[in-house]
Protein chains: 2
Amino acid sequence: VTADRRSERVRCERLDRDDPLATVRERFLLPEGVVYLAGNSLGALPRAVPGRLAAVATEEWGKGLVGGWERWMSLPEETGDKIARLIGAGDGEVVVIDSTTIALVKILTAAVRARPGRRVVLTSTTNFPSDLYAASGVARLLGDVEVRTVEPLGIPEALDESVAALLLTHVDFRTGELFDMPVLTKAAHSVGALAVWDLCHSAGAVIVDCEAAGVDLAVGCGYKYLNGGPGAPAFAYVRRDLQPLVENPMPGWLGHASPFDFDVVFRTAGGIRGFATSTPAILGLSALDSALDAFDGLTIEAIRQKSVSLTELFIALLEERQLAGLQLASPRPSSQRGSQVSLRHAEGYGVIEALLARRVVGDFRPPDLCRFGFSPLYVRHVDVYDAVEQLEAVIESKEYLDERFGRRRKVT
Amino acid sequence: VTADRRSERVRCERLDRDDPLATVRERFLLPEGVVYLAGNSLGALPRAVPGRLAAVATEEWGKGLVGGWERWMSLPEETGDKIARLIGAGDGEVVVIDSTTIALVKILTAAVRARPGRRVVLTSTTNFPSDLYAASGVARLLGDVEVRTVEPLGIPEALDESVAALLLTHVDFRTGELFDMPVLTKAAHSVGALAVWDLCHSAGAVIVDCEAAGVDLAVGCGYKYLNGGPGAPAFAYVRRDLQPLVENPMPGWLGHASPFDFDVVFRTAGGIRGFATSTPAILGLSALDSALDAFDGLTIEAIRQKSVSLTELFIALLEERQLAGLQLASPRPSSQRGSQVSLRHAEGYGVIEALLARRVVGDFRPPDLCRFGFSPLYVRHVDVYDAVEQLEAVIESKEYLDERFGRRRKVT
């Protein structure tokens, strides 16, 4: 380690000391010695969650038994309200339900139905594949609906009056590219289409302001930057003034105006509650609800600032080192980037596996992408430094060719 | 307490001593002094679950982080295989997914699509309301599909060649009436319709033999007699030979043949896995998986025998007492009854609330039904006796009129 390198790490330590979010890391339980840069895939464990889970299981369920529902019935909206604060939405505009793809099927179906006569869902070829599958499922269910996919840059031009809904993911899961939500939402509105956003890769790490951008409907994931745990329930956002005009295509008892009357005829509870269908997943929902308390007292602006500081540092350190065969796959200007940096490498799979053996956790996406997520609540500047050091060691040693790190598929 | 009554309770104690399932109660954590007869709504907490939840949170998620998916990816089918043993299905025929109503939307849509040209879903007026909502949602999504509801006795006659799917709940949630699954399935098949069963109120407490009955598709609930916890994920059953012929209408990454390739084009994993859509809810799924171990070593025949013994005892004790204003709403022959007994009382809501104050937990369903579920894994014969004693006290004292027990809606 040269003196330069030592002073670089000292500079990172100083950045951490001066970081207004530095103590937030203590709200998480992270394994010792691991640099965790896959929080864009599965967020780390908030310290409060195991206790909350134990209380829900042994007290609320075990002792409260069926009486637990007096506490649990309102949780989908209560937790939704916590998420609302992170995405520029108001109370009563977000509900926690289902899984992301199911929530998207509901929201997208509702959007297309709200624009009768228009038979196109416009989306990007780069959208998250499960979103594309969901859109094709919706198109087939509704019949005579076309899913039109175009390159991201072609979206404004492809918007016309046949488009019922523009469906985009705010941050590209491959490259970390941040779409311009206000501009694209406005473009959709200019042709009378609804703007439906997938916030999976942005909520909790990027500034999302649904109200300011005029977003119509949105869905998002509970287990990435929101740290709700594996398979945490999803969330759905419907702008308040739109709520009376759109309808949950999968009505169920939880969205009924009087769920305990057990009417044979469905009457919607209205509002965002109408998008709830079935009994909420209380264990996962409680974990997410508890996890969201890790955001207490933080502004999304401060979170974004930390996130930019981390991704800028990562890119700058890599630019200094000029490692062989590694190319930046993310936008260089931070304003166009989410909280993730992707690097291309022909042996990307081996690179990620070799890093994992060195206790730096990123992930691989075919064909050649090494992804690194910088969850601003618990990743430190020294983690960024240490990750780059290990990455340099992997590249220089060509460890990625080692048979220990062969092409067994790695999971998200 | 008369000598007769004392000897009655002694007889119940003896039944418990001789009960081959007596020790199974120890597999649950039940609050002291509570007689819990609402396990048909929310099953009690299995003793192993809090430990499993803690391990999933702190070890698998907290320490394993994103690597946890190596363990979690196969859980939807592994847990499904455990359920398969309780419903007469084989390995690879059951998957744990979504919530019951969402799973039903998928399964029913798949069924109707598998019978092109047929445009009727036939169901019972007495079906669980959320199932009726789901059916109406499916009808509207598919377009030009009619949901035809008839009284239960009218079902055989209403079956004709316009019917794509017969949708029934195996045990009526109001009365506990057990539908004749083999006969009705055969009747559906005789007109070329598919038989879709909702097993929410039967799986784990009633003999269900999907294979012997020739059931085509089914869904069920994880949190009633399976004790998976509040909002546990649901399960879906598709008979093996039908699996290549039906399709999940909501394709998602989890049901993709190569989920980690992130192909823009969906290719189904096939089999029962194809019905999975989105990231599984690992906390709830793990709790359910652990809860199902409470069935280890038990046959469904022994479980059913215990269940019949409990419901017969409850009814017999009530028949002896002839309590004013209470009428049996469940079928008298045990062969026509699930693991639940319902009683009608004009002040049923007050009756249930007064019982609750006496630590006997049943539940109320409008307009006048008092429901008592007898979960055979943990309810004892002495619990049945004690419940009847308390019920008698409530009825004789007319406590149900007490203003403490007013008509505030009780939740499930």
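This is a predicted model: local features need pLDDT of at least 70, side-chain atom pairs count only at pLDDT 80 or more; totals for chains, interfaces and linings use all residues.
Guide: Local features need pLDDT of at least 70 and side-chain atom pairs 80 or more, while totals for chains, interfaces and linings use all residues; side-chain values use heavy atoms, without hydrogens and water. Residues are numbered from 1 along each chain as its sequence is written, with chains lettered from A and ligands numbered from 1 in the order in which they are written.

Visitor: Why is helix 1 of chain B called roughly antiparallel to helix 13 of chain B?
Guide: The axes of helix 1 (residues 3-18) of chain B and helix 13 (residues 381-397) of chain B cross at roughly 150° and come within 7 Å. Angles under 35 degrees count as roughly parallel, over 145 as roughly antiparallel, 65 to 115 as roughly perpendicular and the rest as oblique. So helix 1 of chain B is roughly antiparallel to helix 13 of chain B.

Visitor: Which residues in helix 1 of chain B meet helix 13 of chain B?
Guide: Among them are B:Arg5, B:Glu8 and B:Arg9 of helix 1, and the helix 13 side includes B:His381 and B:Tyr385. Contact means heavy atoms within 4.5 Å. By class, this contact of helix 1 of chain B with helix 13 of chain B has four nonpolar, one polar and eight charged residues.

Visitor: What makes helix 4 of chain B roughly parallel to helix 10 of chain B?
Guide: Helix 4 (residues 75-84) of chain B and helix 10 (residues 282-291) of chain B pack at about 30°, with axes 10 Å apart. That angle therefore makes helix 4 of chain B roughly parallel to helix 10 of chain B. The residues of this contact of helix 4 of chain B with helix 10 of chain B divide into five nonpolar, two polar and two charged.

Visitor: Why is B:Asn227 called buried?
Guide: Buried means under 20% relative accessible area, exposed over 50%, partly exposed in between (1.4 Å probe, protein chains only). B:Asn227 has 0%, so it is buried. B:Asn227 also has a positive phi of about 60°, although it is not a glycine. B:Asn227 lies in the loop between strand 9 (217-220) and strand 10 (234-238) of chain B.

Visitor: What makes A:Asp98 partly exposed?
Guide: The relative accessible area of A:Asp98 is 24%, so A:Asp98 is partly exposed. Phi of A:Asp98 is near 50°, a positive value in a residue other than glycine.

Visitor: How do you know that the peptide bond from A:Pro366 to A:Pro367 is cis?
Guide: Omega is near 0° for the bond from A:Pro366 to A:Pro367. A:Pro367 is in the loop between strand 14 (363-365) and strand 15 (369-373) of chain A.

Conventions
Axes are lines fitted to C-alpha atoms, for helices over the stretch in contact, and angles run from 0 to 180 degrees between N-to-C directions. Helices (H or I, at least four residues) and strands (E, at least two) are DSSP runs, numbered from the N terminus. Ala, Val, Leu, Ile, Met, Phe, Trp, Tyr, Cys and Pro count as nonpolar, Asp, Glu, Lys and Arg as charged, and the others, Gly among them, as polar.
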